[in-house]
Amino acid sequence: MAPYAASAPRHGFWAALDPDQRGVLRAAARPRQFPVKAPLVYQGDESDHVIVIERGWAKVTSTTEDGHDVVLAVRGPGDLLAESAVLGGRTRSATVTALSPVRALVVPAVRFTGFLDAYPDVWMLVTSTFVQRIDDADRRLTAHMTSRGTQRLATLLAHLAELSALHVPPAPDGSIEIAPPLSQEELGSWMDASRETVARALNGLRREGLIRTGWRRITVTDLPGLREFAKDT
């Protein structure tokens, strides 16, 4: 079975809106800045607003019964946050924490549902985003049972490189710096592996000439090769 791969990255919610829709939604929102490590939403909180990230990156985590935080995803510029909790009338299912300084629009739930009522086509956009995220979670669970750690990391890094390239063009040599500043521990949490396993896998990918690394910095130097490595390992 093929290793985990999230759905092909696409520009976020904000980019899919037309200029008029953006103007209406911005008028309904209040801008807010979040420093690094600040929570945008807390798991278990009541739902009274949604958030659209304008700039910066955040990680989505869920706390297990024994108190461990598990990384589920990253969100970046243009992404919509907390829509499932508002639309479903449920408490927050995860915590979202800033990985870098984040500038965002905070939209009260009542205003957001009013916006969706005024633009019914956006309902479909929100629904498809929600379904895609569920599908990605299902693929991740399958991969954890069918692929090795190095293979999962290669696939995850390829996905993050593709996501990053949506916002910053590749360098002239084709290399792509992964934008979300994830630590080795956070990468391990995402792929259900120890920090030591991630470190060994990164060393292997460096030896293959597929990546360069620094402190909280990974540059994919050969994206097609990384994809092939993930398939063939």
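Is leucine 99 buried or exposed? At 9% relative accessibility, leucine 99 counts as buried, where buried means under 20% relative accessible area, exposed over 50% and partly exposed in between, using a 1.4 Å probe and protein chains only.

Quick ground rules before the tour. This is a predicted model, in which local features need pLDDT of at least 70 and side-chain atom pairs count only at pLDDT 80 or more, while totals for chains, interfaces and linings use all residues. Residues are numbered from 1 along each chain as its sequence is written, and side-chain values use heavy atoms, with hydrogens and water left out.

**The chain overall**

- The protein chain has nine helices and eleven strands; these are DSSP runs numbered from the N terminus, with helices being H or I of at least four residues and strands E of at least two.
- Out of 233 residues in the protein chain, 48% are buried.
- Take the contacts between residues at least 6 apart in sequence: 74% of them join residues at least 24 apart. Contact here means heavy atoms within 4.5 Å.

**The largest nonpolar core**

- The largest nonpolar core has 29 residues. By nonpolar core we mean a set of buried Ala, Val, Leu, Ile, Met, Phe, Trp, Tyr and Cys residues joined through side-chain atoms within 4.5 Å.
- The members that touch the most others are Leu153, Leu157, Leu160, Leu187, Leu205, Ile211 and Leu226.
- Two or more residues each come from strand S5 (69-75), helix H6 (149-165), helix H7 (184-190), helix H8 (195-207), strand S11 (217-220) and helix H9 (223-232).
- H6 is the top contributor to this core, giving eight residues.
- This core lies between domain 1 (13-122) and domain 2 (146-231), because both give residues to it. The domain bounds come from an automatic or database domain assignment.
- Setting aside neighbours within four places in sequence, leucine 205 has contacts with Leu153, Ala154, Leu157, Leu210, Ile211, Leu226 and Phe229.

**Two helix pairs**

- H6 and H8 pack at an angle of about 70°, and their axes are 9 Å apart. Axes are lines fitted to C-alpha atoms, for helices over the stretch in contact, and angles run from 0 to 180 degrees between N-to-C directions.
- That angle makes H6 roughly perpendicular to H8; the cut-offs are under 35 degrees for roughly parallel, over 145 for roughly antiparallel, 65 to 115 for roughly perpendicular, and oblique for the rest.
- On the H6 side, Thr150, Leu153, Ala154 and Leu157 meet Val198, Ala201, Leu202 and Leu205 of H8.
- The second pair is helix H2 (residues 19-28) with helix H4 (residues 109-118), packed at an angle of about 160° with axes 10 Å apart.
- That makes H2 roughly antiparallel to H4.
- Gln21, Val24, Leu25, Ala27 and Ala28 of H2 make the contact with Arg111, Phe112 and Phe115 of H4.
- Glutamine 21 sits in helix H2 and is buried, with a relative accessible area of 4%.
- Not counting residues up to four places away in sequence, glutamine 21 touches Phe115, Tyr119, Asp121 and Val122.

**Around strand S7**

- Threonine 95 is in strand S7 (residues 95-98), and at 13% relative accessibility it counts as buried.
- Threonine 95 and proline 39 are 56 residues apart along the chain, yet their C-alpha atoms are separated by 7.0 Å.
- Once residues up to four places away in sequence are left out, threonine 95 touches Val41, Tyr42, Gln43, Lys59, Val60 and Thr61.
- Leucine 99, from the opening question, lies in the loop between S7 and strand S8 (102-108).

**Positive phi outside glycine**

- Lysine 37 has phi near 75°, a positive value in a residue other than glycine.
- Lysine 37 belongs to the loop between strand S1 (30-34) and strand S2 (39-41), and is exposed at 69% relative accessible area.
- Aspartate 192 is another non-glycine residue with a positive phi, near 55°.
- The loop between H7 and H8 holds aspartate 192, which is partly exposed with a relative accessible area of 47%.
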